Protein chains: 2
Amino acid sequence: MPLVQPSIASAAPAPTIDIRTATCADHRPTPYLLLDVDRAVEHHRQLAAALPGTAVHYAVKANPDPVLLRALAGAGSRFDVASPAEVAAVLRAGATVSDLVYSNPVKKRSDIATAASLGVRLFVVDSLEETEKVAEAAPGTAILARLATSGAGSDWSLSRKYGCSELEALAILRAADRLGLEAAGLSFHVGSQQRDPRAWDAPIAAAARVFARAERLGLAPRLLDLGGGFPAGLEGDCPPLAEYGAAIDMALTAHFGDQHPETLIEPGRAVVADAGILVCTVIAVLRRGSRRWVYLDAGVFTGLVETLDEAIRYPLLTSADGGPTGPCVLAGPTCDSADVLYERTPVELPLRLSEGDTVRLLSAGAYTTCYSTVGFNGFAPLATVLTG
Amino acid sequence: MPLVQPSIASAAPAPTIDIRTATCADHRPTPYLLLDVDRAVEHHRQLAAALPGTAVHYAVKANPDPVLLRALAGAGSRFDVASPAEVAAVLRAGATVSDLVYSNPVKKRSDIATAASLGVRLFVVDSLEETEKVAEAAPGTAILARLATSGAGSDWSLSRKYGCSELEALAILRAADRLGLEAAGLSFHVGSQQRDPRAWDAPIAAAARVFARAERLGLAPRLLDLGGGFPAGLEGDCPPLAEYGAAIDMALTAHFGDQHPETLIEPGRAVVADAGILVCTVIAVLRRGSRRWVYLDAGVFTGLVETLDEAIRYPLLTSADGGPTGPCVLAGPTCDSADVLYERTPVELPLRLSEGDTVRLLSAGAYTTCYSTVGFNGFAPLATVLTG
């Protein structure tokens, strides 16, 4: 199962339209996600260029749109999957099954068996119990042990729920080998929308220690999954992608010397977030006490779950931009009190914004359509409209 | 548009099976919601009996299952709807359109027009702007002005996002009358899963003040929507339903004297929560540091959004019950760190609980199937299985 760099030299050129202002020809009813598939492919190419020699596995969970998956597969992308349905989706899109990493660390036994029957050969685990499950349900395959990280520097830490210590990782690799699995290496995740390129250093150092100890035990770990967390253009500054590539390369050299392991990354948000705009309409602008409330026809239950706790802040454009602005609370259309996007830290919107104006949430291509409810309050799930 | 008490004397008798332990004959794969429609109808009957003379409008948003809606309509239920799709759903289920209240206070203008074209005649508003919208999009219909409440005593307050002051309500009623609408009365909502029957007293007092002032201005408000908030059997004690009925009746008499207005309630959770059990399976039981983590095949993105902030706590039964128990963190199946149900306050589960055991979340009939995502991580939306 060699992990070579996918061919992306022939990827489509960057799109020429500006999706920040592009409109749909058919003026369809809002809300919808305006998705520029070519732009996502371009982001994939940029990530591959920033990390030469590292395989780029698109994290399907971020946006499983079938046209997007087909375009990415066509451009040589590999994939990070979390369920048998995601395996089937990328295979339908033309992916090669040996190019998949099944990265959900805690899995249903029957899901492991189904994925293996579809040809998946690489699973992430973070416990001895999961290692035994994989050995039983997918004998002869390979595993990566997932190390816990601090998550510091990220907008959304991922390591409370998953990840093990260095000692546990070593025990997992030994158990895998004993159980007839390939103890292929390690994985980690520095947290979603990670703003600090140096965040990769500590887990790479930890991985190098585990690799060294594993090698002394006669094992041959070869692969390091550097996870996702590469940022999109949400609010708040991030360094350019090249700094992430340089910091990761420097960390690999510092801790592994000249013998870098094979590496892969699992970007989701960094590929597709900036390729999507959530287009919605102002339902009402109301005064509530001293505050101005703006109600949109999209909300927490139609794709904007990531605004819960106001962790993820989407840049906003409106059809009323240009004049003076003022703070306002932003709310969704359902009659649920939890359907409020930004209240603790209000957003600045034009004072002349009113019913019927269009609001565009930028960098909304990731974790929106897939987070949408099936139809809470009778409002349809967030639709996707492709540009171009 | 008379609002008479629906006929529920002929409602089906209470079911004889105990859905806490009932199983499906076909042993279908978990997770699913096991829904006892007869039990929901019985809860509807109990609510009507606890509040004689008050019309019971089932809040469709809590669970729009078509079989459930048909059973409730057949038992004489009225309905509380939040969107044109919910109007269409209850009409398909056999509801009478004059028995609907469209209670979403902030609506898209086109949605008001669609609802009116389907025959809806009663809309809730909480601002002059919305009143003007209804007058324009649904001329000649009736409105209720929604008063803000404190939400104190409830598990989930609903009044940050909606509701106006007494003075604003009076202005809305006057505007409605001037715009050719019927200024039918007022509504309020004391917050979801309200544990204190006295919570209705202050808003009923406020409503009586607004009614009196409106009458002095020559208006004839006649209808008071007492909202929802009646509790289900979630964790934490609540008084019996009869105490809610008695407290509300006492408040109406204290503030309106012998001339009670027409009244309606909008229960969702109190009708359907205790009629549903979310049946799921343990994927893994793992030690993470000092804590035991139990991973289920249902989670935040397959219907359990109400566990966010751990506000709603479902009673739990497992197939391993009976022996000693210990605290554990409860998590869902997606590889999203937000997919953790209870962590700050762990749940007590059997020490012998292990992979493959069944876990039943009780009182899960409301706000689960409808809150489910379209398929995050490739996991299917929560299915409904009917008992009996």
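**Ground rules.** I number residues from 1 along each chain as its sequence is written, and chains are lettered from A and ligands numbered from 1 in the order in which they are written. The model is predicted, so local features need pLDDT of at least 70 and side-chain atom pairs count only at pLDDT 80 or more, while totals for chains, interfaces and linings use all residues.

**Domains of chain A.** I looked up the domain assignment, whose bounds come from an automatic or database source. Chain A has domain 1 (37–272) and domain 2 (274–386). Their centres, taken over C-alpha atoms, are 32 Å apart. The contact takes 19 residues from domain 1 of chain A and 17 residues from domain 2 of chain A; two residues are in contact if their C-beta atoms, placed from the backbone, lie within 7 Å. On the domain 1 side, helix H1 (37–50), strand S7 (154–156) and helix H9 (269–272) of chain A each supply at least two residues. Helices (H or I, at least four residues) and strands (E, at least two) are DSSP runs, numbered from the N terminus. H1(A) gives the largest share of that side, four residues.

**How the chains meet.** I then turned to the two copies.

**Core.** The largest nonpolar core holds 265 residues, and A:Ile143 and B:Ile143 are among those with the most contacts inside it. Such a core is a set of buried Ala, Val, Leu, Ile, Met, Phe, Trp, Tyr and Cys residues joined through C-beta atoms within 7 Å. Buried means 20 or more other C-beta atoms within 10 Å of the residue's own, exposed 12 or fewer, and partly exposed in between, with C-beta atoms placed from the backbone. Leaving out residues up to four places away in sequence, A:Ile143 touches partners including A:Phe123, A:Val134 and A:Leu181.

**Helix H6 of chain B.** This helix (residues 166–178) has 13 residues. Its buried residues include B:Leu170, B:Ile172 and B:Leu173. They pack against strand S5 (122–125), H5, strand S6 (142–146), strand S8 (182–187) and helix H7 (201–216) of chain B. Just after H6(B), B:Gly180 has a positive phi of about 85°.

Most residues other than glycine have a negative phi, and most peptide bonds are trans. I found a cis peptide bond from A:Thr30 to A:Pro31, with omega near 0°, and one joining B:Thr30 and B:Pro31, with omega about 0°. B:Gln193 has a positive phi near 50°; B:Gln193 is in strand S9 (residues 192–194) of chain B and counts as buried, with 24 C-beta neighbours inside 10 Å. B:Asp309 has a positive phi near 65°. B:Asp309 sits in the loop between strand S13 (291–296) and strand S14 (316–318) of chain B and is exposed, with 11 other C-beta atoms within 10 Å.

Technical notes. Expected span 1.5 Å × (residues − 1).
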